[in-house]
Amino acid sequence: MAIRTTNPATGEILRTFDALSDDEIERRLARAVDAFHVNRARSFADRATRMFRAAELLYERADALGRIATIEMGKPIKAAIAEVQKCGLVCRYYAEHAEAFLADERVETDASESFIRYEPIGAVLAVMPWNFPYWQVFRFAAPALMAGNVGLLKHASNVPQCALAIEEMLRDAGFDSGEFQTLLIGSDQVPRLLADDRVKAATLTGSEPAGASVASDAAKQIKKSVLELGGSDPFIVMPSADVDEAVKVGVKARVLNNGQSCIAAKRFIVHDSIADEFERKFVDAMNALKIGDPLDESVDVGPLATPQIVDDLEEQVRKSVDAGATLLAGGKRIGERGNFFAPTVLANIPDDAPAARDETFGPVASLFRVSSIEAAIERANATTFGLGASVWTNDRKEIDRFVDEIEAGQVFVNAMVASDPRIPFGGVKHSGFGRELGVFGIREFVNIKTIWLQSLD
């Protein structure tokens with residue numbers, strides 16, 4: 001099997017790698033076991049020294065690493081560099097806080113002494129996506145390594161150079177060669193890895209079918225998994241909101257990463273009293289976006305990662321229009337080469353149309369009008385997903401209702417949904433289970449041991 005780097009802006013195959021052989025996979029697994037004994041025996045201070053160095057290297061190499069991501073998956077270069085720098089933040093965060101997060105916790109019981117201890121679990125398999133090829137990996141790797149675990153990365157097959165660069169960077173930071181390993185393999189090898197006793201748990205960010213497969217395979221082996229899956233995030237705008245700011249942030253939230261983000265705003269739910277103004281300004285802003293070569297720093301929207309994504313998005317838009325939706329902007333692929341798709345706005349969308357019920361993984365915004373906060377909440381929750389939600393209002397009572405009643409893993413008020421090392425990240429319903437980041441992220445892949453000491457006196 002060949003694993004390729006294909007430039008999504010041109011369709012040109014840039015590099016080809018051979019997938020690992022069965023023998024090489026076996027050697028990598030054996031190396032991971034040996035490396036686990038090394039990393040778990042290190043002090044937190046020793047691990048932190050390496051993790052701080054990893055943060056330094058991420059900043060030093062941000063331009064070079066960002067360029068790799070841009071030519072592999074099409075992210076605009078400024079966004080790619082910013083993503084690498086954000087990875088430095090998560091490395092520093094866990095270097096600074098891991099010891100406190102995993103310190104013994106004393107508990108008052110009938111025993112002379114009792115406490116909870118957090119212990120590393122071993123080798124964790126990370127099945128990661130292409131859309132944030134560095135950030136998705138480091139928000140797993142930083143807490144996992146600081147907890148004393150080791151990582152095995154099965155990255156998306158269209159970003160092999162990003163995957164190899166991460167392994168090299170962590171090795172240069174001082175982590176042993178077996179403590180974090182990139183496995184250039186196909187998805188067909190994942191069940192085999194999950195069935196191996198040396199792999200203790202799994203984390204996946206990706207599609208709903210991929211998550212169901214990994215969770216099922218892990219469960220059969222009585223192994224834990226964490227899933228961060230898709231989203232159809234609502235972006236709700238109420239009458240008291242600053243419409244201009246909501247439009248500005250809403251466009252950014254929709255076309256972030258060329259629209260290929262699980263937490264991108266996808267369904268814009270706007271109160272009737274401001275809907276005409278919002279729609280006019282939103283469509284104008286989407287039409288004004290610059291599309292083109294993602295290495296050009298002035299470009300707002302680059303190509304989608306693969307031709308299949310373009311095909312899928314085009315079909316979703318076509319089916320939605322055929323079902324009765326109104327096309328206000330875009331709606332088609334652009335250019336004779338590359339995976340470019342015009343920023344698109346749909347309105348008057350029937351409930352059974354793809355743009356109303358499915359995740360649109362590209363620069364396609366769906367507009368809905370509602371007459372009340374009750375209708376806004378009902379529309380927001382009318383999806384199988386529950387990753388994030390952005391609500392725009394300056395009414396305190398409305399804020400409280402949105403926070404209480406929206407079914408999502410995170411609700412951002414007067415801001416776009418984002419991930420931050422300091423707060424837990426994850427979804428509900430079909431958007432997955434478990435949490436990354438914050439104190440919860442590092443505790444997902446540790447064993448929790450209860451200690452009960454009874455005095456012999």
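I started with serine 431, which is buried at a relative accessible area of 0%. Buried means under 20% relative accessible area, exposed over 50%, and partly exposed in between, with a 1.4 Å probe and protein chains only.

I noted the ground rules next. The model is predicted: local features need pLDDT of at least 70, side-chain atom pairs count only at pLDDT 80 or more, and totals for chains, interfaces and linings use all residues. Residues are numbered from 1 along each chain as its sequence is written, and side-chain values use heavy atoms, with hydrogens and water left out.

**Entry: serine 431**

I placed serine 431 in the loop between strand E20 (428-429) and strand E21 (432-433). Helices (H or I, at least four residues) and strands (E, at least two) are DSSP runs, numbered from the N terminus. I then listed the contacts of serine 431, leaving aside neighbours within four places in sequence: Leu227, Glu228, Leu229, Gly230, Gly231, Phe385, Gly386 and Leu387. Contact means heavy atoms within 4.5 Å. A polar atom of the serine 431 side chain lies 3.3 Å from the backbone nitrogen of leucine 387. I also checked glutamate 208: its C-alpha is 7.5 Å from that of serine 431, though the two are 223 residues apart in sequence.

**Entry: helix H9**

I counted 13 residues in helix H9 (residues 243-255). From first C-alpha to last, H9 reaches 18 Å, close to the 18 Å expected at 1.5 Å a residue. The expected span is 1.5 Å times one less than the number of residues.

Which residues of H9 are buried? I found Val243, Ala246, Val247, Val249, Gly250, Val251, Ala253, Arg254 and Val255. Their cover includes strand E10 (233-237), strand E11 (265-271), helix H10 (272-287), strand E16 (364-370) and strand E18 (388-392).

I looked at both ends of H9. At the start, a side-chain oxygen of aspartate 242 comes within 3.2 Å of the backbone nitrogen of aspartate 244. Just after H9, asparagine 257 takes a positive phi of about 60°.

**Entry: positive phi**

Most residues other than glycine have a negative phi. I therefore marked asparagine 258, which has a positive phi of about 60° without being a glycine, and is buried at 0% relative accessibility. Asparagine 258 sits in the loop between H9 and E11. I marked leucine 437 too, with a positive phi of about 70°. Leucine 437 lies in the loop between E21 and helix H15 (438-443). Leucine 437 is buried, with a relative accessible area of 0%.

**Entry: lysine 266**

I found lysine 266 in strand E11. Is lysine 266 buried or exposed? Lysine 266 is buried, at a relative accessible area of 1%.

**Entry: helix pairs**

Two packed helices are described by the angle between their axes and the distance between the axes. Axes are lines fitted to C-alpha atoms, for helices over the stretch in contact, and angles run from 0 to 180 degrees between N-to-C directions.

I took helix H3 (residues 62-73) and helix H6 (residues 160-172) to begin with. They pack at an angle of about 155°, with their axes 8 Å apart. That makes H3 roughly antiparallel to H6. Angles under 35 degrees count as roughly parallel, over 145 as roughly antiparallel, 65 to 115 as roughly perpendicular and the rest as oblique. From H3, Leu65, Ile68, Ala69 and Glu72 meet Pro160, Gln161, Cys162 and Ala165 of H6. This contact has six nonpolar, one polar and one charged residues. Ala, Val, Leu, Ile, Met, Phe, Trp, Tyr, Cys and Pro count as nonpolar, Asp, Glu, Lys and Arg as charged, and the others, Gly among them, as polar.

I turned to helix H2 (residues 44-60) and helix H5 (residues 135-146). Their axes come within 9 Å and cross at roughly 155°. H2 and H5 are therefore roughly antiparallel to each other. Phe44, Arg47, Ala48, Met51 and Leu58 in H2 meet Phe138, Ala141, Ala142, Leu145 and Met146 in H5. By class, I noted nine nonpolar, no polar and one charged residues in the contact of H2 with H5.

**Entry: arginine 42**

I found arginine 42 in the loop between helix H1 (22-41) and H2. Arginine 42 counts as buried at 10% relative accessibility. Its side chain makes a polar contact with the side chain of asparagine 39 (3.0 Å). A polar contact is a pair of N or O atoms within 3.5 Å; within protein, one must be able to donate a hydrogen and the other to accept it, and residues adjacent in sequence count only if both atoms are side-chain atoms.
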